[in-house]
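Trainee: I am new to this structure, and I would like to understand the terms used for it rather than only repeat them. Could we go through them one at a time?

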Amino acid sequence: MGKAFFVIRTFLFNLNPKFQLAMGIFSSNKKEKLDKGLSKTKESVFKKLSRVVVGKTTVDDDVLDNLEEVLISSDVGVDTTIRIIERIQKRVSEDKYLGTSELNILLKEEIEKLLLENNTTDVDEFIVPETKNNLPYIIMVVGVNGVGKTTTIGKLAYQFKKAGKSVYIGAGDTFRAAAIDQLEVWAQRADVPIVKQKMGSDPASVAYDTLASAIKNKADVVLIDTAGRLHNKINLMNELSKVKNVMQKLIPEAPHEVLLVLDGSTGQNAFEQAKQFTKATEVTSLALTKLDGTAKGGVVIGISDQFKIPVKYIGIGEGIEDLQVFNRNEFVDSLFN
Amino acid sequence: MFENLSDRLDRSFKLLKGQGRITEINIAETLKDVRKALLDADVNYKIAKTFTDKVKQEALGQDVLNSVKPGQMMVKIVHDELAKLMGGEAVDINVKGNPSVILIAGLQGSGKTTFSGKLAYLQKTKKGKMPLLIAGDVYRPAAIDQLKVLGEQIGVEVYTDMDSKDPVKIAKDGIKYAKQKGFDLVIVDTAGRLAVDEQMMNEIAAVKKAIDPQEILFVVDAMTGQDAVNTAKEFNDRLNFDGVVLTKLDGDTRGGAALSIREVVNKPIKFVGTGEKMEALDVFHPERMADRILGMGDIVSLVEKAQEQFDSEQARKLQKKIAKNQFGFDDFLSQIQQIKKMGNLKDLAAMIPGVGKALKNVDIDDDAFKGIEAIIQSMTPDERDNPVIINGSRRKRIANGSGTSVQEVNRLIKQFDETRKMMKMMSGGGGKNLARMMNGMRN
């Protein structure tokens with residue numbers, strides 16, 4: 001019994017994406033840093049689960065209840081959680097002696113399915129795709145207030161530059177106080193040029209200027225910042241469409257990529273954000289920030305289940321290097337190793 | 001994405017109809033729905049569980065009254081319990097010291113700097129204070145500039161020390177400066193920090209120790225998910241803060257974090273941020289938050305909106321008439337006109353629980369009332385005051401006069417009768433009557 005207890009405990013412990021996210025994706029150095037920060041979360045979940053699964057060898061209602069709690073507590077979302085649990089319940093009812101170790105395998109399969117269905121192409125590095133006529137590749141960065149758009153742009157600029165690309169940044173957040181100054185600091189850190197106007201100027205005009213400079217100087221990639229906006233404000237959402245339209249005057253395909261930044265600690269509203277921003281700007285990729293907090297990896301699972309938009313980047317700290325390309329295979333592996 | 005809870009409850013309570021009492025068995029399905037609604041709203045898993053248990057105890061054995069739908073009764077129990085949990089006496093912030101010192105803390109991107117500006121503005125314009133803002137975020141690029149720009153906008157001085165990277169020193173020096181210059185309120189903005197960042201949490205604890213603030217406010221994004229509980233607890237363990245500020249409530253988040261935080265740290269929510277403008281700061285309304293978490297639509301706002309528009313004298317007269325069952329077609333007409341004054345019909349209707357969903361696929365434009373108005377205007381004053389006299393031949397005349405059919409006239413009179421009955425039955429607040437009236441008109 002002692003051994004079984006240990007196995008189950010380890011399994012449930014391993015299950016929680018909160019700290020699992022930290023396990024496989026990051027280099028040992030970063031992993032150490034994260035592990036330290038996450039120890040509190042680990043303990044509390046660990047305690048919670050170990051109390052209930054004492055003496056269990058098969059998957060019963062208690063184990064499933066616990067699974068539910070772990071998934072929901074990681075912001076996976078009720079619908080996705082229910083779907084996962086229902087599938088497992090079905091298997092359990094078909095096979096009377098399904099043990100907890102098999103549950104592990106089963107879960108891995110389910111989550112793998114959810115993550116991989118919508119994300120077929122995995123990239124390992126910061127790559128700038130080819131464009132028509134060798135024009136710069138335009139990335140427009142959008143999101144609600146305070147999710148970390150400007151910081152993500154700074155980190156991205158640094159990574160692209162490091163990869164040998166010539167990068168331009170457009171200071172399109174002309175609304176928030178000192179947003180331009182903030183981006184300027186990041187541009188200096190990454191050592192890339194920034195195109196800006198005064199606070200309060202027209203963001204579409206800033207975007208236009210940026211593209212014009214980038215084209216003239218044969219840049220490879222352009223990052224356009226935008227002001228944070230809540231997705232239920234129609235006028236502000238329309239403004240984004242306008243920025244897009246104006247850019248298309250210079251490059252018909254622009255923006256090649258619309259990157260929606262989501263705060264990793266956001267709950268179910270993240271789904272609504274993804275939906276509304278997609279409606280207004282046809283979001284093509286997602287960045288999940290602040291995952292160094294308690295690493296809410298659960299959002300990744302929920303979002304991948306409900307949307308066809310791939311998670312491309314994850315932010316794991318305030319340093320300029322603390323942005324990583326999200327690798328789904330590694331993510332799933334790390335959940336269950 | 002989220003199904004409206006009251007709709008869901010209405011549905012599951014169809015099963016309950018005809019059963020006289022709420023029992024363990026007939027409540028099970030409903031409680032499941034309540035729990036799901038809470039989880040969808042980001043209420044913490046554990047708290048959602050304890051909460052539904054509590055509601056169950058509250059509801060068991062209660063008689064299902066004939067006059068209300070059981071679903072509504074259940075919504076009321078859930079709603080009241082929620083409001084009770086989050087509510088209590090409204091607590092103001094403590095600004096008694098001279099200068100009184102307020103420390104602002106929270107995660108990155110929660111809106112601390114914006115809130116600091118709003119609070120300074122509020123204290124300056126509404127409370128006659130002379131506030132000083134201290135820029136204590138030495139980490140995020142341009143955070144100090146941001147506060148400076150806000151300070152300029154609202155005409156409040158900002159204390160900065162560009163040479164120092166030590167928030168403790170900046171805060172202390174800033175307060176010293178405030179004393180010298182006669183500021184009577186000091187608001188200390190700080191850098192965003194994660195609750196799990198030991199070093200940064202030590203730092204804010206050190207700031208607290210050094211300046212001994214009268215008031216510590218924890219700023220949290222209303223969209224925060226399940227982790228709100230851990231974050232709030234961690235900050236509270238370190239700082240023992242006095243109140244919570246819920247930001248970005250002008251979004252469409254259901255804001256279950258409010259309930260979670262309240263439950264975990266038992267500290268009042270003192271302010272809510274409702275926009276990017278400096279005036280967009282509000283006190284916390286537990287009732288409205290309860291509506292919001294349940295996805296009930298903001299019925300309170302509707303009532304308030306209605307109250308603004310309705311002339312109170314007129315409303316009083318109307319109340320009397322309803323009580324005496326003298327509510328006539330003229331009153332009906334003036335109510336319709338009042339509704340039209342309030343704005344877009346569909347928007348208004350959507351604010352009423354249960355109605356929103358029913359109207360989702362119905363195209364109502366403001367012309368919806370045109371036929372009704374025409375019919376009423378074709379009635380004689382006698383007929384309007386005393387609708388019982390409208391017999392067959394009068395109906396025919398009214399139909400001709402209004403360019404409608406007898407069937408349409410019949411329908412309106414029937415609806416009017418029902419409305420009148422309902423109004424009499426619940427001759428209470430104006431908003432409720434309105435809701436019923438709109439309901440009646442849909443049929």
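Mentor: Let us begin with pairing, since two strands count as paired if DSSP finds at least two bridges between them. Please keep in mind throughout that this is a predicted model.

Trainee: What makes strand S2 (residues 131–136) of chain B and strand S4 (residues 185–190) of chain B a pair?

Mentor: The requirement is at least two bridges, and S2(B) and S4(B) are joined over six bridges, in the parallel sense, so they count as paired. To see where they face each other, look at Leu132(B), which stands opposite Val186(B) in S4(B).

Trainee: In which order do the strands of the chain B sheet lie, and why are some of them called edge strands?

Mentor: The sheet of chain B is open and has eight strands in the order S3-S2-S4-S1-S5-S6-S7-S8, with mixed pairing. Strand S3 (157–159) and strand S8 (281–282) of chain B each have a single partner strand, so one side of each lacks a neighbour in the sheet, and they stand at the edges.

Trainee: Which helices lie across S2(B)?

Mentor: Among them are H6(B), which lies across S2, S3 and S4 of chain B, and helix H7 (residues 167–181) of chain B, which lies across strand S1 (100–106), S2, S3 and S4 of chain B. H6(B) runs at about 165 degrees to S2(B), and for H7(B) the angle to S2(B) is likewise given as about 165 degrees.

Trainee: How do you know that helix H5 (residues 112–126) of chain B and helix H6 (residues 143–154) of chain B are roughly parallel?

Mentor: Their packing angle is about 25 degrees, with the axes 10 Å apart; angles under 35 degrees count as roughly parallel, and H5(B) and H6(B) are therefore given that name. The contact is made by Thr113(B), Thr114(B), Ser116(B), Gly117(B), Ala120(B), Tyr121(B) and Lys124(B) from H5(B), together with Gln146(B), Leu147(B), Leu150(B) and Ile154(B) from H6(B). These residues divide into five nonpolar, five polar and one charged.

Trainee: What makes helix H5 (residues 78–94) of chain A and helix H12 (residues 298–306) of chain A roughly perpendicular?

Mentor: Their axes come within 9 Å and cross at roughly 85 degrees; the range for roughly perpendicular is 65 to 115, so H5(A) and H12(A) receive that description. Asp79(A), Thr80(A) and Arg83(A) of H5(A) meet Ile301(A), Gly302(A), Asp305(A) and Gln306(A) of H12(A), and this contact divides into one nonpolar, three polar and three charged residues.

Trainee: How many bridges join strand S7 (residues 311–315) of chain A to S8(A)?

Mentor: Three bridges join S7(A) to S8(A), and the two strands run antiparallel; as at least two bridges are needed, they therefore count as a pair. Ile314(A) stands opposite Gln324(A) in S8(A).

Trainee: Why is the contact between Glu239(A) and Arg229(A) called a salt bridge?

Mentor: The closest N and O atoms of Glu239(A) and Arg229(A) are 2.9 Å apart, and the limit is 4 Å, so the name applies. Glu239(A) lies in helix H10 (residues 234–247) of chain A and Arg229(A) in the loop between S4 and H10 of chain A, so the pair ties together parts that are 10 residues apart in sequence. Over all chains the count comes to 27 salt bridges.

How values were computed. Residues are numbered from 1 along each chain as its sequence is written. Chains are lettered from A and ligands numbered from 1 in the order in which they are written. This is a predicted model: local features need pLDDT of at least 70, side-chain atom pairs count only at pLDDT 80 or more; totals for chains, interfaces and linings use all residues. Side-chain values use heavy atoms; hydrogens and water are left out. Axes are lines fitted to C-alpha atoms, for helices over the stretch in contact, and angles run from 0 to 180 degrees between N-to-C directions. Helices (H or I, at least four residues) and strands (E, at least two) are DSSP runs, numbered from the N terminus. Angles under 35 degrees count as roughly parallel, over 145 as roughly antiparallel, 65 to 115 as roughly perpendicular and the rest as oblique. Contact means heavy atoms within 4.5 Å. Ala, Val, Leu, Ile, Met, Phe, Trp, Tyr, Cys and Pro count as nonpolar, Asp, Glu, Lys and Arg as charged, and the others, Gly among them, as polar. A salt bridge is a side-chain nitrogen of Lys or Arg within 4 Å of a carboxyl oxygen of Asp or Glu.
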